[in-house]
Amino acid sequence: MLFVSCSKHSKVKLYEVEKFNTTINGKQVSLVTLDNGDLMMQVANYGGRVVSLWAPGRKGKYANVIASHDNINDYINDGLLGATVGRYASVISNGKITIDGTDYELTKNHNGNTVNGGDTEAGKIVWDIVAQNDTAVVFHAVFADGQDGFPGNLDATMTYTLTSANELVVSCKATTDAPTVCDITQHLSFNLKGDGDILDHDLMINGKFFTAIKSDRLPSGNIRPVKNSPLDFIAAKKIGKDINSDFPQMQFAGGYDFNYVLGKPFGKIGLAASVVEPVSGRKMEVYTDQPGLQFSACATSTSFVLEPQNFPDAPNQEKFPNAVLRPDEEYNHTCIYKFSVVD
């Protein structure tokens, strides 16, 4: 591990390029470092994974605010950590979709369902690096027609940018040559302390409703209010306040693992959530143009997930937003993680 020391980045620990130096399926894995002067991060093209994200707290003290591994082998054995997720994020029940009257059987990779796009998910491939500079990197990949059963060649581009406003902007664009389903996102696990438990983080989620689940954790198709339940984060509260609730939905999930229906127009960038870690003073706001936000944490968690996306199993749920992408359309997803320090 390398240490970087300058006026703002005092003892930032960067992972060594050599620990990521390998080839997978004949493609070279690379580690890219981005630095906007206040935030510093590393991204690997294996899975488009964010490997580290260093943010300042009070008195300029830095911490890596995401859960990380320091070598490629651990990432190969960890399906989701820090990775791009797709070609359809979350779950598709029973591994089946129907588009324009045609049924498609998908690879079933989790309890008879398709999760995160099947066996050849976005987090398990080496993306091409098509552009990079000090504050941005652009990755590209093509998911082949028929791969894991999905129709259409899906051409996807992921861009990671550190802005002068101390934002990490994650932007995805995708096109297809045949009608398909598409939902691509980024799976970052946060701890604004840097380490330890996350139960004292103060969390607000801009969602008055959530998509309910069944005992098998699959979506029921029903949209329910969070009011008068432990899922209510409209007013900020500690993540750990109700995490051991016997509320039936939380018993099904084993804690928090729910999709929130965001209180903003679909397709328009708006505030999805904000989190404050009181000891360090680090604050993170999450903005997205997606209709849903998956929040995950359990009582033993050392990190939490706030993952903007379409609703789980949307291709099979009539009440959920459209998930079909057609050849004359472009899929766009922008997520912004904005960092600051509070008194």
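Q: Which residue of S27 stands opposite Leu271?
A: Tyr287 stands opposite Leu271. Strands here are DSSP runs of E with at least two residues, numbered from the N terminus.

Q: What kind of model is it, and how are residues numbered?
A: It's a predicted model, where local features need pLDDT of at least 70 and side-chain atom pairs count only at pLDDT 80 or more, while totals for chains, interfaces and linings use all residues. Residues are numbered from 1 along each chain as its sequence is written, and side-chain values use heavy atoms, with hydrogens and water left out.

Q: Back to the strands. How do S26 and S27 pair?
A: Strand S26 (residues 270-276) and strand S27 (residues 282-288) pair in the antiparallel sense, over 6 bridges. Two strands count as paired if DSSP finds at least two bridges between them.

Q: What sheet are they in?
A: An open sheet of 9 strands, running S14-S15-S16-S17-S31-S27-S26-S21-S24, with antiparallel pairing.

Q: And which strands stand at the edges?
A: Strand S14 (128-132) and strand S24 (237-238). Each has a single partner strand, so one side of each is left without a neighbour in the sheet.

Q: Changing topic: what's the volume of the largest pocket?
A: About 770 Å³. Of its 27 lining residues, the closest to the centre are Ser90, Val115, Arg217, Asp257 and Gln294. On a 1 Å grid over the protein atoms alone, a pocket is an open set of points with protein on both sides within 12 Å along at least five of seven lines, a cavity is a set where a 1.4 Å probe fits but cannot get out, and lining residues have an atom within 4 Å of a point.

Q: Which strands each supply at least two residues of that pocket lining?
A: S22 (209-213), S25 (256-261), S28 (292-297) and S29 (304-309). By class, the pocket lining has 10 nonpolar, 12 polar and 5 charged residues.

Q: How many cavities of 30 Å³ or more turn up?
A: The search of the whole structure finds 1. The largest cavity has a volume of about 60 Å³.

Q: What lines the largest cavity?
A: Met158, Val170, Cys172, Ile184, Thr185, Gln186, Pro308, His333, Cys335 and Tyr337. The largest share, 3 residues, comes from S31. That lining has 7 nonpolar, 3 polar and no charged residues.

Q: What about the backbone? Where is a peptide bond cis?
A: From Gly86 to Arg87, with omega near 20°. Arg87 is in the loop between S9 (84-85) and S10 (91-92).

Q: Which residues have a positive phi without being glycine?
A: Lys59 has a phi of about 60°, and Asn228 also has a positive phi of about 60°. Most residues other than glycine have a negative phi, and most peptide bonds are trans.

Q: Where do they sit?
A: Lys59 is in the loop between S7 (49-56) and S8 (62-64) and counts as exposed at 90% relative accessibility. Asn228 lies in the loop between S23 (219-225) and S24, and is exposed at 74%.

Technical notes. Points joined across faces, edges and corners; volume = space filled by probe spheres on them. Helix = DSSP H or I, 4+ residues; strand = E, 2+ residues; numbered from the N terminus. Nonpolar A, V, L, I, M, F, W, Y, C, P; charged D, E, K, R; others polar. Buried < 20%, exposed > 50% of the residue type's maximum accessible area, 1.4 Å probe, protein only.
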